Amino acid sequence: MDIGKILKKVDAWQQKRKRTSFPYAVYKKYGEDNGGYQAALLTYYGFLSLFPLLLVLITVLQIWFNNDPVVRHDISTSVGHFFPLLGDQLERNIHGMRRAGLGLVIGILFTLYGARGAADAFRYAIDNMWQVPKNKRVGFPKNILHSMAIVGAGAAGFGATAAISGFTADLGHVWWAKLLANILGACILAIVIGYTFRIATAGRLRLRYMWLGATMAAVVIQILLSSGGILVAHEFKNLNSLYGTFAVVLGMLFWIYLLAQVVLLSAEIDTVRHFKLWPRSLTGKLPTEADTAATELFTQEDKYLPNETIKARLKLK
């Protein structure tokens with residue numbers, strides 16, 4: 001049996017069908033853009049940024065609601081919805097800042113500044129996927145403002161989702177209330193993800209170029225949030241027998257990495273669709289026009305291109 005001939009036939013078959021060639025093109029470009037590495041980097045900074053951001057969130061809400069224990073419990077429940085295993089830990093171990101006045105404001109600002117690492121990693125990953133030349137990426141000090149805007153969008157989306165969860169919880173546990181919560185949650189996630197995609201490219205790309213990826217990411221993440229407790233509990237059970245209390249950390253890293261992979265893969269859907277980078281060859285023996293176009297994009301990425309070339313490539317405003 002000639003493996004080469006079989007692969008050649010499979011390659012020709014997948015190239016003729018969009019339902020197979022497009023997903024493969026997304027997967028291939030994700031690998032060419034070092035998507036797994038970018039997701040790991042986003043996981044690292046996201047994990048480090050998570051607790052400072054939760055500290056700021058709790059502090060602000062404590063001030064806003066006069067340290068209401070019911071509100072604190074609702075916050076922990078909402079955090080546990082997004083990050084399984086963390087809700088109870090948050091309620092028991094994380095407390096708001098005790099300072100008041102100017103000291104509190106300064107403390108919150110420094111905490112937010114220190115937690116921007118995940119937003120920086122996210123901006124870099126999206127710019128890299130869209131092949132934005134480095135001389136056209138946001139520099140200092142605008143990069144700080146853009147990262148803080150991404151953090152703010154994420155916080156606003158979390159707050160809106162938490163509010164919806166609280167509202168639907170009051171409606172009871174009937175099936176239509178759960179369905180409504182999932183639909184509204186997915187809509188909010190799609191808006192937030194699309195907005196952060198656009199901020200990450202400094203607003204150079206129109207939102208309509210990113211709506212499909214943002215919607216796909218929102219739907220998949222909402223499904224994961226609905227079943228995430230079961231998934232993480234299964235992984236946690238296996239990790240707990242080996243690592244004990246450290247299993248909580250490993251479980252959180254696993255969960256954040258999974259979410260990061262979903263978001264970045266969804267972003268690649270838009271880049272492949274926009275640049276028309278499909279079908280792609282499996283083996284390289286049947287190269288396509290998309291393979292040539294992808295090679296040209298990757299070759300030009302680090303060059304300092306003129307504005308006309310960038311606009312032609314990305315169809316900027």
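pLDDT is the predictor's confidence in each residue, on a scale from 0 to 100. The protein chain averages a pLDDT of 78, and 72% of its residues score at least 70. This is a predicted model, in which local features need pLDDT of at least 70 and side-chain atom pairs count only at pLDDT 80 or more, while totals for chains, interfaces and linings use all residues. Residues are numbered from 1 along each chain as its sequence is written, and side-chain values use heavy atoms, with hydrogens and water left out.

## Overall architecture

The protein chain contains 13 helices and zero strands; helices (H or I, at least four residues) and strands (E, at least two) are DSSP runs, numbered from the N terminus. Read from the N terminus, the order of elements is α-α-α-α-α-α-α-α-α-α-α-α-α. Confidence is highest in helix H2 (residues 18–32), at a mean of 93, and lowest in helix H13 (residues 307–314), at 52. Over residues 303–308 the pLDDT is below 50, and beyond near neighbours in sequence this stretch has ten contacts in the model; contact means heavy atoms within 4.5 Å.

Of the 317 residues in the protein chain, 44% are buried. Buried denotes under 20% relative accessible area, exposed over 50%, and partly exposed in between (1.4 Å probe, protein chains only). The accessible surface of the protein chain comes to about 17,200 Å², with 66% of it belonging to carbon and sulfur atoms. These areas come from the Shrake-Rupley method with a 1.4 Å probe; for residues, only the protein chains shown count as cover. Among contacts between residues at least 6 apart in sequence, 77% join residues at least 24 apart.

## The N-terminal helices

Helix H1 (residues 3–15) has 13 residues, which at 1.5 Å a residue should span 18 Å; its end C-alpha atoms are 18 Å apart, in agreement. The expected span is 1.5 Å times one less than the number of residues. In H1, Asp11, Gln14 and Gln15 are buried. They lie on the same side of H1, because they cover an arc of only 95° around the axis; the arc is that of the directions from the helix axis to the C-beta atoms. An α-helix has 3.6 residues a turn, so residues three or four places apart point the same way. The exposed residues Lys5 and Lys9 are carried on the face of H1 turned away from its buried side. The buried residues of H1 pack against H2.

Gln14, in helix H1, counts as buried because its relative accessible area is 5%. Leaving aside residues up to four places away in sequence, Gln14 touches Thr20, Ser21, Tyr24, Arg280, Ser281 and Leu282. Ser21 is found in helix H2 and is buried at 2% relative accessibility. Beyond its neighbours within four places in sequence, Ser21 is in contact with Gln14, Gln15, Trp278 and Pro279.

Ile221 touches Leu189, Ile193, Leu259, Val262 and Val263, not counting residues up to four places away in sequence.

Helix H9 (residues 175–200) has 26 residues and reaches 37 Å from its first C-alpha to its last, close to the 38 Å expected at 1.5 Å a residue. H9 is followed by Ala202, which has a positive phi near 60°. Ala200 lies in helix H9 and is buried, with a relative accessible area of 3%. Not counting residues up to four places away in sequence, Ala200 touches Phe122, Arg123, Ile126, Asp127 and Ile150.

Gly152 lies in helix H8 (residues 142–170) and is partly exposed, at 37% relative accessibility.

## Selected C-alpha separations

| Residue pair | Separation in sequence | C-alpha to C-alpha distance |
|---|---|---|
| Gln14 and Tyr24 | ten residues | 8.6 Å |
| Ala200 and Ala121 | 79 residues | 9.8 Å |
| Gly152 and Val192 | 40 residues | 10.0 Å |
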